[in-house]
Amino acid sequence: MSEVVYFNSDGTVSSVTGDAAVTQKNMEDLRAMRNQMLTDTDWTQGADSPLTDSQKTSWATYRQSLRDITDSATSLDDVTWPTKPE
């Protein structure tokens, strides 16, 4: 039986067992990483952003690719992250 052991935000250790539980935990981890990457780039879409319209479009495309990541990836092990614009 599969098992995933992980650290909780409070420092305690937890685990999940069974294929469905492992899949769920993997997707939670993937979404958490993706959500942090989206949060880190929120500034690029604001009206007061120092970026040009072209740069904002590049960042918007990148952010949409992040949102779409769960359409193809099932865990942090098999994800191919999009390239961040410069």
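This is a predicted model: local features need pLDDT of at least 70, side-chain atom pairs count only at pLDDT 80 or more; totals for chains, interfaces and linings use all residues.
Helices here are DSSP runs of H or I with at least four residues, strands are runs of E with at least two, and both are numbered from the N terminus.

Residues are numbered from 1 along each chain as its sequence is written, and side-chain values use heavy atoms, with hydrogens and water left out.

Let me stay with Arg-67 for a moment. Its relative accessibility is 37%, so it counts as partly exposed, the scale being buried under 20% relative accessible area, exposed over 50% and partly exposed in between, with a 1.4 Å probe and protein chains only. If we set aside residues up to four places away in sequence, Arg-67 touches Arg-34 and Leu-38, where contact means heavy atoms within 4.5 Å. Arg-67 and Arg-31 are 36 residues apart in sequence, and their C-alpha atoms are 8.9 Å apart in space.

Now to the aromatic residues. A pair of aromatic rings is described by the distance of the centres and the angle of the planes. The rule used here pairs rings of Phe, Tyr and Trp (for Trp, its six-membered ring) if their centres lie within 6.5 Å, and calls planes under 30 degrees apart stacked, over 60 edge-to-face and the rest tilted. How many aromatic pairs does a search of the whole structure find? It finds 2. In one, the ring centres of Trp-43 and Trp-59 are 6.2 Å apart with planes at 55°, so this pair is tilted. That pair links distant parts of the chain, since Trp-43 lies in the loop between α1 (19-40) and α2 (53-67) and Trp-59 in helix α2, 16 residues apart. Trp-43 is partly exposed, at a relative accessible area of 46%, whereas Trp-59 is buried, at 7%. Trp-59 also pairs with Tyr-62, edge-to-face, at 5.6 Å centre to centre and 90° between the planes. Trp-59 and Tyr-62 are separated by about one helical turn, because they are 3 residues apart in helix α2, and Tyr-62, at 4% relative accessibility, counts as buried.

Turning to charged pairs, the structure holds 2 salt bridges, a salt bridge being a side-chain nitrogen of Lys or Arg within 4 Å of a carboxyl oxygen of Asp or Glu. Asp-29 bridges to Lys-25, with the closest N and O atoms 2.7 Å apart, and both residues lie in helix α1, 4 residues apart, about one turn of the helix. Asp-29 is partly exposed at 26% relative accessibility, while Lys-25 is buried, with a relative accessible area of 11%. Asp-42 bridges to Arg-63, the closest N and O atoms being 3.1 Å apart. Asp-42 lies in the loop between α1 and α2 and Arg-63 in helix α2, so this pair ties together parts that are 21 residues apart in sequence. Is Arg-63 buried or exposed? At 9% relative accessibility, Arg-63 counts as buried, whereas Asp-42, at 40%, counts as partly exposed.

I will end at strand β1 (residues 3-7), where Val-5 has its place. Val-5 counts as exposed, at 55% relative accessibility.
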